[in-house]
Structure formats: C-alpha cells, structure tokens
Amino acid sequence: MSVNNVDDNGNPVVDLNSATSASILQNMDNVNYNKKMYVNVMDKISLMSGTVTGILQYESLTGFRNFFIIYFGCIIIYILFICKGKPSRFYANVFNDLVFEHLVRELLGFVMAWTFSFALVG
C-alpha cells in the first residue's frame, strides 16, 4: 500500500482493506477534531479581545495591532503549552492550519466585537 498517493483534492488515497488504512483514517479524524477545537478557542479569544479593545476605546491601527499581538501570542502559547512544542504531531500542515486558514475569520469576529463594544461605550 502506498500512503503517499493523493487524489485531485489532496486527500490521501488508501486501501480500505489494509490494516494501516484504519489508523490513517483515524488520524485524519483526530486532525479534523483538533482543527475544530482550535477554531472554537480562537473564535472565543477573538471575540473577547475585540470586546476589550472596544471597551478600552482603541481606534484605528492601535486596535488592529492589539488583534495581531493577541492572535499570534495565542498561537505561540497554543504551540508551546498545548502541543508541547511539537504541533506537527497534531496537524497535517502546521503553518497553514494554525496561522493562515482562519486568520480572516478571526479578524472579522474581532472587528465585529470591537466596533459593537466601541459604539456601546462611546
């Protein structure tokens, strides 16, 4: 069995009759579960930090700087403490999965919470 074969979508092609294919499918389930939990945590952190940024009445680049500091700080903390410094054991493509895949989603959530709380306080 060759595990390195991939289809047009980039998904691994495995022989479902072999013993190792079950472990590969289980590992993909674990990777998907890890991604869902990571996104859930980052969503909450984005909304909370947006709310705090709005309450503190930060404007313009100060607010966006606050987002990026918190976003990348949380990624570093996640890698060091949750993944024990080895995120490749839990994710297939570490840099894309942790940094870029959900950046716009988190930024939009942050901006929504930021502007809403800014308008409420101001």
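**Packing, question by question**

Me: At its relative accessibility, does tryptophan 114 count as buried or exposed?

Reply: The relative accessibility of tryptophan 114 is 7%. The model is predicted, and local features need pLDDT of at least 70, side-chain atom pairs count only at pLDDT 80 or more, while totals for chains, interfaces and linings use all residues. Residues are numbered from 1 along each chain as its sequence is written, and side-chain values use heavy atoms, leaving out hydrogens and water. Since buried means under 20% relative accessible area, exposed over 50% and partly exposed in between (1.4 Å probe, protein chains only), tryptophan 114 counts as buried.

Me: In what order do the elements of the protein run from the N terminus on?

Reply: Helices (H or I, at least four residues) and strands (E, at least two) are taken as DSSP runs and numbered from the N terminus. On that basis the protein has 4 helices and 0 strands. From the N terminus on, the elements therefore run α-α-α-α.

Me: What share of the contacts with a separation of 6 or more comes from residues 24 or more positions apart?

Reply: Of the 122 residues of the protein, 28% count as buried. Contact here means heavy atoms within 4.5 Å. Among the contacts with a separation of 6 or more, the share from residues 24 or more positions apart is 63%.

Me: Which residues does methionine 42 touch?

Reply: Methionine 42 is among the core residues with the most contacts inside the largest nonpolar core. Leaving out residues up to four places away in sequence, methionine 42 touches Tyr71, Cys74, Ile75 and Glu106.

Me: How many residues apart in sequence are the parts that phenylalanine 64 and tryptophan 114 tie together?

Reply: Rings of Phe, Tyr and Trp (its six-membered ring) pair if their centres lie within 6.5 Å, with planes under 30 degrees apart counting as stacked, over 60 as edge-to-face and the rest as tilted. The structure holds 11 such aromatic pairs. Phenylalanine 64 and tryptophan 114 form an edge-to-face pair, 5.1 Å centre to centre with 85° between the planes. Because phenylalanine 64 lies in helix 2 and tryptophan 114 in helix 4, the separation in sequence of the parts tied together is 50 residues.

Me: Where do tyrosine 78 and tyrosine 91 lie, given that they also form an aromatic pair?

Reply: This pair is tilted, at 6.4 Å centre to centre and 55° between the planes. It ties together parts that are 13 residues apart in sequence, because tyrosine 78 lies in helix 2 and tyrosine 91 in the loop between helix 2 and helix 3.

Me: How is helix 2 oriented to helix 4, in terms of the angle between them?

Reply: Axes are lines fitted to C-alpha atoms, for helices over the stretch in contact, and angles run from 0 to 180 degrees between N-to-C directions. Helix 2 and helix 4 pack at an angle of about 130°, with their axes 11 Å apart. Angles under 35 degrees count as roughly parallel, over 145 as roughly antiparallel, 65 to 115 as roughly perpendicular and the rest as oblique, so helix 2 is, relative to helix 4, oblique.

Me: With which residues is alanine 113 in contact?

Reply: Alanine 113 is found in helix 4 and, at 9% relative accessibility, counts as buried. Its C-alpha atom and that of serine 46, 67 residues apart along the chain, are separated by 8.3 Å. Leaving aside neighbours within four places in sequence, alanine 113 is in contact with Leu47, Gly50 and Thr51.

Methods
Core = buried A, V, L, I, M, F, W, Y, C linked by side-chain atoms within 4.5 Å.
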